Amino acid sequence: GNKLLINFLQEILQSSPSSLVLPAVDCKATRYLLSVLQESGDWKLTNVTNLNVSQLEVNASNPNLLMVQLQSLASDLKELSTLEAIAENDKIIGRMTMDLQEQGINFSVIYTAMRPSRISRRTDVVAELRRQLMATEEEDSLSYPPLNVTTGNYSCILFYASNFSLKANSSVLIDLTNATFLTQNVDISASECSDSNTTLSLKYTRPVNGISSLEIRFLMTSKFYEVSARKWSTLDSVEIVQDGEKFAKFSVSGISAPAEYSFHCQLVGTSNHYPARLVPSNDEAKNWDVFISELQIQGFNTINNQFSYASDCTGFFTPGIWMGLVTSIILLWILTYGIHMIMQLTTNSRFDDPKGPALSVPQTE
């Protein structure tokens, strides 16, 4: 709502010969946008990393396609940090367009997000889903498909999140959502699967400036518990390895499900307010903050490359349900007490006759 933050973008829209603004982003469209553009013409693709167009050798006689990755925004950031990031991205857009104009290069710009900030789901699908979640949901109602780790022709691990972000030293934000699920610029070759132990390994190369490599491991086990007479899968720990030497380990609380089910939780991370927490197990882990929204993971018994029935971290008895039950019990007790008091009322056994002597009722009666 603050137009001052996107001053350069506003000026570009007003000064351009033609412009088109769409109110929403379709994730499936943006995922294939780059490939569609490359197929539509003989483009020379250039990834702009140093954000300095003046240093690029652009041959205006041939079609060029410049791809610029702006810094991403995370919903868990403070409002001030988010506004600063928006303003910085606007400056980058203004600087690049001015460099192209100074070189006399005619250009068109597509400014888009890789995924929508809000995912609107069809009401009919939500009504039918209930707790099944992504097991039977159509792909068009999802923002993007889950990450699939396969062994041979069979799925081994399924992993999904609407927001997967880290923060190092309370300052450096690392948004891994696009790299994990959209562009899939992640190495999962080190992942391991077995009937009892599963490890999801996510390796990223230069996710942000200052970090050359980053590996995140999700360690899961499947055990038989005699009390419930069934196998349960649990996420035991999460490990972060930075640049091959800095090792951070988190113990996990509240992430378990029957072995043939998947696990889902709306918020998972290091915050104390999240229903499923990642608790630092060593000193290095205290330097990291983890934010995962709409986490769904399954490391055992995956069938047809789809999530199984989801065991949710919220549980069946939410605070609202408990409040409703307590209120109903109180009202029911009041009703029962009132009926009991009405049943204790008695009528007189004798009545005064106006034609006879006055009725005398002893005090003992």
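UniProt lists residues 321-340 as "transmembrane region" in an unreviewed entry; such annotations may be inferred rather than shown by experiment, and the positions follow the numbering used here. Over residues 321-340 the chain is 100% helix and 0% strand, with the end C-alpha atoms 28 Å apart. The model is predicted: local features need pLDDT of at least 70, side-chain atom pairs count only at pLDDT 80 or more, and totals for chains, interfaces and linings use all residues. Residues are numbered from 1 along each chain as its sequence is written, and side-chain values use heavy atoms, leaving out hydrogens and water.

**Confidence**

- The average pLDDT of the chain (the predictor's confidence in each residue, from 0 to 100) is 80, and 83% of the residues score at least 70.
- Among the elements of the chain, the highest mean pLDDT, 93, belongs to helix α7 (residues 319-343), and the lowest, 37, to helix α5 (residues 123-129); helices (H or I, at least four residues) and strands (E, at least two) are DSSP runs numbered from the N terminus.
- The pLDDT is below 50 over residues 120-132, a stretch with 19 contacts in the model beyond near neighbours in sequence; contact means heavy atoms within 4.5 Å.

**Aromatic pairs**

- The structure holds seven aromatic pairs, meaning rings of Phe, Tyr and Trp (its six-membered ring) with centres within 6.5 Å; planes under 30 degrees apart count as stacked, over 60 as edge-to-face and the rest as tilted.
- Y160 and F181 form a tilted pair, 6.0 Å centre to centre with 55 degrees between the planes.
- Because Y160 lies in strand β4 (residues 154-160) and F181 in helix α6 (residues 177-182), this pair ties together parts that are 21 residues apart in sequence.
- Y160 is buried at a relative accessible area of 3%, and F181 is buried at 1%; buried means under 20% relative accessible area, exposed over 50%, partly exposed in between (1.4 Å probe, protein chains only).
- Ring pairs link F159, Y160, F164, F181 and F218 into a cluster.

**Surroundings of E239**

- E239 lies in strand β10 (residues 230-242) and counts as buried at 10% relative accessibility.
- The side chains of E239 and R217 are joined by a polar contact of 2.7 Å, that is, a pair of N or O atoms within 3.5 Å; within protein, one must be able to donate a hydrogen and the other to accept it, and residues adjacent in sequence count only if both atoms are side-chain atoms.
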